[in-house]
Amino acid sequence: SYQCEQQREAGTFWLHSLRMSLLRGFLDREVNSKFAPIRTHEGTLTHVLHCSTLFPEVIIKKNTSYEGARDNIIHRLHPSPAAILSAPNVPSPTIITPRASEMCRTNIKTPKGATTGFEKTKPFHKWLTGLAVASIFSIAYLLIPVYLLSAILSLVLRYPSTQGSLIYSLPLLLSIFIPPKYSRLALRMLRPMLDYFDFEAIHTNEDNIRTQIAQGKSFLFAAQPHGVLSYTGMCSAVCNPNDCVSVPTAAASVVLRTPLLKNLMGIFNLVDASAQNIRRIVKRRGSVLIYIGGIAELFKSCREEERLYLTNRKGFIKLALTEGVDVVPVYLFGNTSVLSVLKHGPLAALSRRLQASLTLFWGKWFLPIPRDEKLLYVVGKPIGLPHITDPTQEDIDKWHAAYCDEVRKIFETYKDRVPMYKNKKLFID
């Protein structure tokens, strides 16, 4: 980048003036806009003003408090940052989300593996690694049922021989006795997915929620939409592995009981999604994330429109009111667009009956490979549910409507950040 002295010597000080004018306007817009906190890949809160590679003179410092936001930007050219950031009532700064690609300028200090929001290209080797890692789950979802069926037939028929059938079925036999287990190491190995999907996470009320969880308050994180596979949810777990410990994810019982599949998905710290188990968790002053629409919502996945199976899903509101647990809406942008699903046929009917994704699906190149599109994970604000030990239907309907309104608000507020969603409309069925 040009230094101020070089510009003067070269007689191009007009370029410097233009850049400074652009920088002032850029910072004024960013400082005075109400941005939501965004979680970094490293799980740290880096308070910055979202500066692009157009302004390489801006150095970003790490800071874990909202105070002193103006000190986070140090400008290496004239004038001083105090003159630029002199506007009163500066709101909380943006917490930038990294996209583990390389920085275009070495004099922009960002979190390790971070980049600004303007860089679009990814190195091919990182893209290819991310594709391979992300495809593990989609391909496994198709191949595991086929393998389990063939292994059982091999054992029953003793084909090609007794010894051969035992060797072929060994993964199945071992998986039966190995329980699903959360693995921080496995999540760390999945980090290339964050590059592949250009993942971003926004927490609108993170500090308050985390403080209350640390103090023992329970929350019911209600996520939607489900999609074929929740790649947005998986990326969030990879980005912030500590959240998997404090807030486990509820999954269908069949997922936790199916050999191999339970071990593959168990690394995300899954728990049984039955109402009885959810109630047991919140009574122990714990928090949990649930997918409201479930498998029924999977078959509403569409790249042209967003449909949520939510109108008749009110049980989680009743449970939250009864147990005195607040509900936090979570929206997973991209879940319904990275994979397309076969919505009809015997496999679709079997998926609905078993509450598991057993239908055919496809993505990139019409293969079971997820499309490399932007994923956005947005955690909204708590709805503010009261504690009603015996809620009436009117109480349930009232707070369910409040929840739906908050979901619509999140969708309309953040959909422009995801290219596939700019023209999408939300329908709540």
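The model is a predicted one. The protein contains 18 helices and 14 strands, and buried residues account for 51% of its 429 residues.

**Helix H4 and its contact with H6**

- On the H4 side the contact is made by Tyr147, Leu148, Ala151, Ile152 and Leu155, and on the H6 side by Leu170, Pro171, Leu172 and Leu173.
- The residues of this contact of H4 with H6 divide into nine nonpolar, no polar and no charged.

**The annotated stretch within the H4 range**

- An unreviewed UniProt entry carries the annotation "transmembrane region" for residues 127–153, while helix H4 itself runs over 124–157.
- In the model the chain over residues 127–153 is 100% helix and 0% strand, and the C-alpha atoms at the two ends of this stretch are 39 Å apart.
- Ile136 is a residue of helix H4, and Ile136 is classed as partly exposed because its relative accessible area is 43%.
- Ile136 and Leu264 are separated by 128 residues in sequence, and their C-alpha atoms are 9.4 Å apart in space.

**The contact of H16 with H18**

- Helix H16, made of residues 315–323, packs against helix H18, made of residues 393–414, at an angle of about 110 degrees and with the two axes 9 Å apart.
- That angle makes H16 roughly perpendicular to H18, and H16 passes H18 in a right-handed crossing.
- H16 contributes Phe316, Ile317, Lys318 and Leu321 to the contact, whereas H18 contributes Asp395, Ile396, Trp399, His400 and Tyr403.
- The residues of this contact of H16 with H18 divide into six nonpolar, one polar and two charged.

- Thr389 is located in the loop between S13 and H18, and Thr389 counts as exposed because its relative accessible area is 62%.
- When residues up to four places away in sequence are left out, Thr389 touches Leu321 and Thr322; of these, Leu321 also takes part in the contact of H16 with H18.
- Thr389 and Glu323 lie 66 residues apart in sequence, with a C-alpha to C-alpha distance of 7.0 Å.

- The peptide bond from Tyr159 to Pro160 is cis, with omega near 0 degrees, and Pro160 is found in the loop between helix H4 and helix H5, the latter covering 162–168.
- The peptide bond from Gln224 to Pro225 is also cis, with omega near -5 degrees.
- Pro225 sits in the loop that runs between strand S5, residues 219–224, and helix H10, residues 231–239.

- The buried residues of H10 are Tyr231, Thr232, Gly233, Met234, Cys235, Ser236, Ala237, Val238 and Cys239.

- Leu260 is a residue other than glycine with a positive phi, near 70 degrees, and its place is in the loop between helix H12, residues 253–257, and helix H13, residues 261–265.
- Leu260 counts as partly exposed because its relative accessible area is 23%.
- Trp365, likewise not a glycine, has a positive phi of about 60 degrees, and Trp365 belongs to the loop between strand S12, residues 361–362, and strand S13, residues 376–379.
- Trp365 has a relative accessibility of 53% and therefore counts as exposed, the cut-off for that class being over 50%.

Note on methods. Residues numbered from 1 in each chain as written. Predicted model: local features only at pLDDT ≥ 70, side-chain atom pairs only at ≥ 80, totals over all residues. Heavy atoms only, no water. Axes fitted to C-alpha atoms, helices over the stretch in contact; angles between N-to-C directions. Helix = DSSP H or I, 4+ residues; strand = E, 2+ residues; numbered from the N terminus. Parallel < 35°, antiparallel > 145°, perpendicular 65-115°, else oblique. Left-handed = near helix turned anticlockwise from the far one by under 90°. Contact = heavy atoms within 4.5 Å. Nonpolar A, V, L, I, M, F, W, Y, C, P; charged D, E, K, R; others polar. Buried < 20%, exposed > 50% of the residue type's maximum accessible area, 1.4 Å probe, protein only. UniProt positions renumbered as here; feature names shortened; annotations may be inferred.
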